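Trainee: I'd like a close look at one part of this fold, please. Could you walk me through the strands and what packs around them?

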Amino acid sequence: FILGQIETSFSLHKIREILVSNHTDCGAYKEIGQFGSFEEECKFHIEEMKKARDLILSKFPSLKVRMILGKILPDGKVKLIEFWQKRRLALNALKG
């Protein structure tokens, strides 16, 4: 389904980039079980976003795919972190 939506946007609107996002403390992943640490949770979400990125790029290699993880803070606010090749720096930023 999602690749069809991207295809439509790519063809009709000539999009050049797409955002892939996820967030910590996600109820959808509670069924998987609790993560052992915050870093383990972040790594999991990063790997899930990489799978989406790779699928998108396999069909649309010219698109720029940005991966963004939202850290849900105790007060309900969200801190957005964009992941590039320097994943370790992004993980450190999430901890703060």
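Mentor: Let's begin at the hairpin of β2 and β3: five residues lie between its strands, and Gly 76 there has a positive phi near 90°. Strands (E, at least two residues) and helices (H or I, at least four) are DSSP runs, numbered from the N terminus. Bear in mind that this is a predicted model, in which local features need pLDDT of at least 70 and side-chain atom pairs count only at pLDDT 80 or more, while totals for chains, interfaces and linings use all residues. Residues are numbered from 1 along each chain as its sequence is written, and side-chain values use heavy atoms, with hydrogens and water left out.

Lys 71 has Lys 79 of β3 as its bridge partner, and Leu 69 stands opposite Ile 81 in β3. β2 also pairs with β1, this time in the parallel sense and over seven bridges.

Ile 18 leads us to the packing. The largest nonpolar core holds 14 residues, and Ile 6, Ile 18, Met 49, Ile 56, Leu 63 and Phe 83 have the most contacts inside it. Such a core is a set of buried Ala, Val, Leu, Ile, Met, Phe, Trp, Tyr and Cys residues joined through side-chain atoms within 4.5 Å. Buried means under 20% relative accessible area, exposed over 50%, and partly exposed in between (1.4 Å probe, protein chains only). β1 (17-23), α2, β2 (64-72) and β3 (78-83) are the elements that give two or more residues to this core, and α2 gives the most, with four residues. In soluble globular proteins, nonpolar side chains tend to be buried together. Ile 6 is in contact (heavy atoms within 4.5 Å) with Ile 15, Ile 18, Ile 56, Phe 60 and Leu 63, leaving out residues up to four places away in sequence.

Now look at Thr 24, in the loop between β1 and α2. Thr 24 counts as buried because its relative accessibility is 3%. A polar atom of the Thr 24 side chain lies 2.9 Å from the backbone nitrogen of Ile 72. Beyond four places in sequence, Thr 24 touches Phe 38, Glu 41, His 45, Leu 69, Gly 70, Lys 71 and Ile 72.

Glu 41, one of those neighbours, belongs to helix α2 (residues 38-59). At 12% relative accessibility, Glu 41 is buried too. Setting aside residues within four places in sequence, Glu 41 contacts Thr 24, Asp 25, Cys 26 and Phe 35.

As for the cysteines, Cys 26 is buried at 14% relative accessible area, and Cys 42 is buried at 0%. Yet the whole structure has zero disulfides, a disulfide being a pair of cysteine sulfur atoms within 2.5 Å.

How values were computed. Two strands pair if DSSP finds at least two bridges between them. A polar contact is a pair of N or O atoms within 3.5 Å; within protein, one must be able to donate a hydrogen and the other to accept it, and residues adjacent in sequence count only if both atoms are side-chain atoms.
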